[in-house]
Amino acid sequence: MPIATLTNLSLAFGTDQILNRIELSIDPGERIAFAGRNGAGKSTLLGLISGDVVEDDGNLWRADNLKFVTLSQDLPERSDITVFDSVSGVFDELGKQLAEYHHMTAQATGDDLDTNRLSQLQEALDHGDGWNISHRIEATLHRLKLDADATLSSLSGGWLKRVAIAQSLVLDPDVWILDEPTNHLDLEGIEWLESLLLDFQGTVLFVSHDRQLMQSVATAIVEIDRGKVTRYNCDYTTFIERREKARETELEHNKQFDDKLKLEETWIRQGIKARRTRNEGRVRALEALREERGKRISTKDLKLQVDSGISSGKIVKETTGLGKSIDGKLIIKDLDLIIQRGDRIGILGPNGCGKSTLLKLLLEELTPDAGTLKTGSKLQVAYFDQIREQLDQERSVHDYIAEGRDFIEIKGKDLHVVSYLQNFMFNPDQARAPIRTLSGGEQNRLLLAKLFALPTNFLVLDEPTNDLDIETLELLEELLVEYTGTVLLVSHDRTFMDNVVSSLLVFEGDGKVQEYVGGYSDWVKGANTHKSGNTGGGNNSTNASTQTGSHQDRKKQKAADQKRARDLDKLTTKIEKAEQELAKVNLEMGEASFFNKSPEQQTATYDKVTELEARIMTLMEEWETLEAS
């Protein structure tokens, strides 16, 4: 029997139709991921299911005696209260009594103990099921590895996120609702959250941009697109395959729709005589067609591009024996590193380990305590900052991008600001609005728009993936792979790292920062090989080579490894482009109009197919040879 059913349900905010006559049923024990671009209505739908949002029309039924609990996106405010106090606070007055009892028994002894007050608290807890709740709090804190007596002001963002998770889990939900639960968590925290969700015995409904989390956890995917809801009873990878097939079908329908619209537009623009006698019903039908066409939104509208500026020197950054401590804590020790033009390097490590500190050292915003840093020539740096310090919330979107001008220069050409912003899916109304009216994902997209408007050959990105929807993430990945400059980025998105970077800098503790060739999965595979005692190849051989020999030897080894990685990327791009071209030609040959062409034209097309197939085969052989080397 379902725990919740939505029937013919609609919801609008002003003139924006968020959900339009949707149907959805949720069964007990399911783990459902909600997918869709920013602003599609994912959080709104979760709010409807939890009862925090009221529908405009239709019916929403929830099973009786079920507890729906939502994990807040906001972190607990940093203060001097303890973790125990913060978590027990969700139980209101009983929680305050528990916190007071906890402090009295933990701190007071003998004559210092107020026995009268303690007796009052015990009686209140007896009557209010306080002991069971106390046990649940302690068990939850232990499970989440939280120190009950630590103050919130002493915790990092990742540990504050654990406190927020404890606040929702301790309520013992039947249906646990999580909106972007991986925000503020490092890789270890995300993997821990995966296991927590998999072990949870109730129903899980969640929104996340972490594709690997969705693949590991979700038993079904619900996609929200232009007010419609589609349920896919499969894992995330299968969902992507089915969604792409559905979109191919939609493209064909859109083509037929556009052909009809074109005919109607031609009819409406006929001469005066025709307009005098035109069918008003047909006019209304045309207006409906136009309205439907206007609602169609495609991710193709998002056209990310970077002005790569001039080429930098071959060596971008070089460090020798670099060291840095902050407040007596060793962050980086004896770092030897060479960043060359065209490198795409990811930085991994737990929260608070020093990833942003390393970026600031390389950008010369911080001074090292030891070692040397050399910077190459002709560098044009663009820095995407993690905490959006650059955004003045009261400025308009237009003014932030163009600094008061109407045109900006992209790759040597003037482009109107509104047109440029439309490339990033901002409509004209949003362009005139203050930044504070944008969602978190839209603000991140705005930062990217600003960043990509700058002529740059060295992109430094600190957590660029936070709050971005998956389709924007995929487009950003494509952009970074094709970008001809140098990229240095911090991210906890494992799939993003796999798809973008050619090497990793990993914080391994005690100030050690080690470089590994490959992406996140390559690093995990190498780490597991190392643990099992196999010192045979892969990352371990890279690790060994970077720890032995002279600085010049390491330099040569790194150059060779990175050249191989770049060559593999270039070959992969060539293969993809050739396959896309072949698919386009095959599609052309499948059209009925193809056989109306002259024999010479048909023969030329057949020859092109043969040439493309041969090129793909040659490129694949080159890729296999290079991969095996």
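**Labels and their cut-offs**

Q: How does the span of helix α17 compare with the expected one?
A: Helix α17 (residues 470–482) has 13 residues and reaches 19 Å from first C-alpha to last, close to the 18 Å expected at 1.5 Å a residue. The expected span is 1.5 Å times one less than the number of residues. Helices are DSSP runs (H or I, at least four residues), and strands are E runs of at least two.

This is a predicted model: local features need pLDDT of at least 70, side-chain atom pairs count only at pLDDT 80 or more, and totals for chains, interfaces and linings use all residues. Residues are numbered from 1 along each chain, and side-chain values use heavy atoms, without hydrogens and water.

Q: Which residues of α17 are buried?
A: Ile470, Glu471, Thr472, Leu473, Leu476, Glu477, Leu479 and Leu480. Buried means under 20% relative accessible area, exposed over 50%, partly exposed in between (1.4 Å probe, protein chains only).

Q: Why is glycine 58 called partly exposed?
A: Its relative accessible area is 36%. That lies between 20% and 50%, so the label is partly exposed. Glycine 58 sits in strand β4 (residues 57–62).

Q: What does glycine 58 touch, not counting residues up to four places away in sequence?
A: Thr7, Asn8 and Leu9. Contact means heavy atoms within 4.5 Å.

Q: Why are α6 and α7 called roughly parallel?
A: Helix α6 (residues 157–169) and helix α7 (residues 187–199) pack at about 15°. Angles under 35 degrees count as roughly parallel, over 145 as roughly antiparallel, 65 to 115 as roughly perpendicular and the rest as oblique. Therefore α6 and α7 are roughly parallel.

Technical notes. Axes fitted to C-alpha atoms, helices over the stretch in contact; angles between N-to-C directions.
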